[in-house]
Amino acid sequence: MTQPVVACEGLTKRYGKKNALLELSVEIPAGRIVGVLGPNGCGKSSLFRTIAGLVTPDKGKIEVLGQKPGWRTNRDIAYMPDRARWYPSHTVQQAFEWGRSFLPGFDKEEAIRFAEWMDIDPDMKVAGMSRGQEARVMLILCLARNVPLVILDEPFAGIDVISREAIVSGVIDHLESRGQSMLISTHDIQEVEGLFDYTVMMNQGQAIWSGETDDLRAEYGSLHNVFRTMYKKEWRR
């Protein structure tokens, strides 16, 4: 059996009296594009930060790429947080130079190709960008890294629907050529659900369902319907 890219058992993380993660147990298979879905505050970002080694759980176990998260695994993870920002005075070109110098597996030439495809001018300063343009730059910095695991937390926020559809198509083609594992959280389910071949549904810090996305579609018709139906059930409990 192939080793999972992420394996959690009884994972708990508290911030004061609030449980961000509560006895979370889930295994995520490697080499898949995984949608991690749920309402605001359900624990998606806390899970991603724990996987990236930025947060230490209060209880439970987690393995990422077969190891405990930390400096050894960080070289193999490209992580885009939900509130990613870049230095306002830097140009896109400078961001790519920084990536080439400091990010393991970063391919500057590929980043430039992504920028051209996403209509991003390399000489543009971050300070003059729209929210959507800045989101594209942060996305490029992750996608241009040839590492085993890519984590994208709300990567399409601020990107218009038409551009989003083109980017999703490009991401699929890109990942198929590399065989990377990718975890994506998003609220834009209708536009991007074609990305996901595996899905984890979260609520109140727990994984309430995980499995093949096609199984969910077979029962509910679409991930959008799944989201509406499943969380109505959870809220009524």
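Me: How many of the residues of helix H5 are buried?

Reply: The structure is a predicted model, in which local features need pLDDT of at least 70, side-chain atom pairs count only at pLDDT 80 or more, and totals for chains, interfaces and linings use all residues. Residues are numbered from 1 along each chain as its sequence is written, and side-chain values use heavy atoms, with hydrogens and water left out. Buried means under 20% relative accessible area, exposed means over 50%, and partly exposed lies in between (1.4 Å probe, protein chains only). By this criterion H5 is mostly covered, and among its buried residues are Gly132, Arg136 and Cys142; the count is 11 of its 13 residues.

Me: What distance separates the end C-alpha atoms of H5?

Reply: Helices (H or I, at least four residues) and strands (E, at least two) are DSSP runs, numbered from the N terminus. The expected span of a helix is 1.5 Å times one less than its number of residues. For the 13 residues of H5 (residues 131-143) this should give 18 Å. The end C-alpha atoms agree with that expectation, being apart by 18 Å.

Me: Which backbone nitrogen does the side chain of Thr12 reach?

Reply: Thr12 lies in strand E1 and is buried, with a relative accessible area of 0%. Residues that Thr12 touches, beyond those up to four places away in sequence, include Asn19, Pro57 and Asp58. A polar contact is a pair of N or O atoms within 3.5 Å; within protein, one must be able to donate a hydrogen and the other to accept it, and residues adjacent in sequence count only if both atoms are side-chain atoms. At 3.0 Å, the side chain of Thr12 reaches the backbone nitrogen of Glu23.

Me: What is the phi of Glu23?

Reply: Glu23 lies in strand E2 and, at 38% relative accessibility, counts as partly exposed. Most residues other than glycine have a negative phi. Glu23 is not a glycine, yet its phi is positive, at about 50°.

Me: Is strand E8 largely enclosed or left open by the rest of the structure?

Reply: Tyr198, Val200 and Met202 point one way from E8, while Thr199, Met201 and Asn203 point the other way. Six of the six residues of E8 (residues 198-203) are buried, so the strand is largely enclosed.

Me: Which residue of E9 is the bridge partner of Met202?

Reply: E8 is joined to strand E3 (residues 33-37) by four bridges, and these two strands run parallel. E8 is also joined to strand E9 (residues 206-212), by six bridges, and this pair runs antiparallel. In the hairpin of E8 and E9, Gln204 takes a positive phi near 50°. The partner of Met202 in E9 is Ala207.

Me: How many disulfides does a search of the whole structure find?

Reply: A disulfide is a pair of cysteine sulfur atoms within 2.5 Å. The search of the whole structure finds zero.

Key
Two strands pair if DSSP finds at least two bridges between them. Contact means heavy atoms within 4.5 Å.
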